[in-house]
Amino acid sequence: MTLTILSVASPYAPVDPDSGATDGLMVAALDAALVRAGHRSLVIGVEGSAVSGSLIPLPRVAGAVNQRARGIVAKRVAATIASTLERHPVDLVHLHLEDFPVCLPATGLPTLVTLHRPLDDYPRTP
């Protein structure tokens, strides 16, 4: 059975197997393993990311990353997830985001969230 997995990487750094960033390295490794296993891997990540599957690029974030900018970026990522799900049948969404509550798909698809930082770094949800 071939699966289609949508991985959503951090919008602040490219996915790169040679990256020093844990989340970018992990997304690259998972993406490569999925492709090797014969699955379809879609990755939403910063333009210029190095993926084995198909990259759905996000523009690079320019300027200071304050709370307002983070909100705008999170909404952009959520919109990219929604449009990707409209265009591609996906079996699982795998989020690697600090602002994941804003980006959870509304479709009811199985969704996995991997936390790459200490739990206190993530927003609390009611």
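This is a predicted model: local features need pLDDT of at least 70, side-chain atom pairs count only at pLDDT 80 or more; totals for chains, interfaces and linings use all residues.
Residues are numbered from 1 along each chain as its sequence is written, and side-chain values use heavy atoms, with hydrogens and water left out.

**Overall build**

- The chain holds three helices and five strands. Both are DSSP runs numbered from the N terminus: helices are H or I with at least four residues, strands are E with at least two.
- From the N terminus on, the order is β-α-β-β-α-β-α-β.
- The C-alpha trace spans about 40 × 35 × 25 Å along its principal axes.
- Buried residues account for 38% of the 126. Buried means under 20% relative accessible area, exposed over 50%, and partly exposed in between (1.4 Å probe, protein chains only).
- Accessible surface totals about 6,900 Å², with 57% of it on carbon and sulfur atoms. These areas come from the Shrake-Rupley method with a 1.4 Å probe; for residues, only the protein chains shown count as cover.
- Of the contacts between residues at least 6 apart in sequence, 53% join residues at least 24 apart. A contact means heavy atoms within 4.5 Å.

- Five strands form an open, parallel sheet in the order 3-2-1-4-5. Two strands pair if DSSP finds at least two bridges between them.
- Strand 3 (54–58) and strand 5 (111–113) stand at the edges; each has a single partner strand, so one side of each lacks a neighbour in the sheet.
- The twist averages 20 degrees from one strand to the next. Axes here are lines fitted to C-alpha atoms, for helices over the stretch in contact, and angles run from 0 to 180 degrees between N-to-C directions.
- Strand 2 (residues 40–46) pairs with strand 3 in the parallel sense over five bridges. Isoleucine 44 stands opposite isoleucine 56 of strand 3.

**Strand 1**

- Five of the five residues of strand 1 are buried, so the strand is largely enclosed by the rest of the structure.
- In a regular strand, side chains alternate between the two faces of the sheet.
- Both faces of strand 1 are covered: Thr4, Leu6 and Val8 are buried on one side, Ile5 and Ser7 on the other.
- Strand 1 runs parallel to strand 2, joined by five bridges. Valine 8 has isoleucine 44 as its bridge partner there.
- Four bridges join strand 1 to strand 4, also in parallel. Isoleucine 5 has leucine 92 as its bridge partner in strand 4.

**Helix 1**

- Helix 1 lies across strand 1 (4–8), strand 2 and strand 4 (92–95), and runs at about 160 degrees to strand 2.
- Alanine 33 sits in helix 1 (residues 22–36). Alanine 33 is partly exposed, at 33% relative accessible area.

**The salt bridge**

- One salt bridge turns up in the whole structure. The criterion is a side-chain nitrogen of Lys or Arg within 4 Å of a carboxyl oxygen of Asp or Glu.
- The side chains of arginine 70 and glutamate 98 form it, at 3.3 Å from N to O.
- The pair links distant parts of the chain, 28 residues apart: arginine 70 is in helix 2 (residues 67–87), glutamate 98 in the loop between strand 4 and helix 3 (100–103).
- Arginine 70 is buried at 18% relative accessible area, whereas glutamate 98 is partly exposed at 24%.
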